[in-house]
Amino acid sequence: MRIVLVAGATGYLGSHVVKELQYQQLPFKAIARNAAKLRAMGLTSDQILRAEVTHADALKGLMDGVDVLISTVGITRQKDGLTYMDVDYQANSNLLEEAKRVGVKKIIYVSAIGGEQMRHLKIFAAKEKFVDELKASGIDYTIVRPNGFFSDMNDFLQMAKGGKVYLFGHGNHKLNPIHGADLAKAIIEAIAEPAKELVIGGPDILTQKEIAELALRAWKRPVKIIHLPDWVRRGIIAVMQIVTPSRVYGPIEFFLSMLAQDNIAPRYGVHRLSSYFKREVDQLHENA
């Protein structure tokens, strides 16, 4: 039976991958800076590998006996002065080099939909640089390209709490974001699949207006959507690129750029965004 190693296990997607491995009772280990978080997720001491993946020397010997590496390593909110190149590229490159050294059979790496065409964005420049390196490595691989996570849609939910949602332009661009649990299941399935790329989204294709309406209804608010001209979106990106460092404007540049186009992927999974919004609102009420 193959031994799986999960890098980025304490993040949003990584934690779902760990849960799916636990559910399927597959042998695995996980790397994280914070071992306490892994213990809280139910991992045993022999499953926990404590290391900082941005430091290549810290990875020596950690992959012995590993057959499959799943990496969800990446940042959307930069911390500790680290850049996208430090984490999305270099940390994954460090993992790849150690995987090559010990003979890992397959690497599953999570990038994002459309990354090949959007290398001008800071986040994709780093991710796709690693994708190029992985493809040239000689190791079997699958590049997973999800169409956004449900958690990314929380920006709509936060706006809706105030009773209105702001959209740039007409709001008719479509997307089908996917729940982390559904994506984790697809990632585990990819271990045995030959496909080199997995472009994947959730079961419901929605316009931005429809997502805004779902968010407002989850709060039991009247549907009130304010449409801003698209030049405002472009202006925000341009100004932030000038007056803020990449760690500040990078996530905003990514989010606003993705809003300006359709992002539709093959549909997969069973979780619905409407149900996710309702659960999020219920949880916020409980914690209030």
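## Charges over rings

The charged end of lysine 196 sits over the ring of tyrosine 141, at 4.9 Å from the ring centre, where sitting over a ring requires NZ of Lys or CZ of Arg within 6 Å of the ring centre and within 35 degrees of the ring normal. The charged end of lysine 129 likewise sits over the ring of tyrosine 89, 4.4 Å from its centre.

This is a predicted model, in which local features need pLDDT of at least 70 and side-chain atom pairs count only at pLDDT 80 or more, while totals for chains, interfaces and linings use all residues. Residues are numbered from 1 along each chain as its sequence is written, and side-chain values use heavy atoms, leaving out hydrogens and water.

## Serine 111

Serine 111 is buried, with a relative accessible area of 5% (buried means under 20%, exposed over 50% and partly exposed in between, with a 1.4 Å probe and protein chains only). The side chain of serine 111 forms a polar contact of 3.0 Å with the side chain of glutamate 128 and another of 3.5 Å with that of arginine 145. A polar contact is a pair of N or O atoms within 3.5 Å; within protein, one must be able to donate a hydrogen and the other to accept it, and residues adjacent in sequence count only if both atoms are side-chain atoms.

## Aromatic pairs

A search of the whole structure finds four aromatic pairs, meaning rings of Phe, Tyr and Trp (its six-membered ring) with centres within 6.5 Å, called stacked when the planes are under 30 degrees apart, edge-to-face when over 60 and tilted otherwise. The rings of tyrosine 12 and phenylalanine 149 are tilted, because their planes stand at 45°, with centres 5.3 Å apart.
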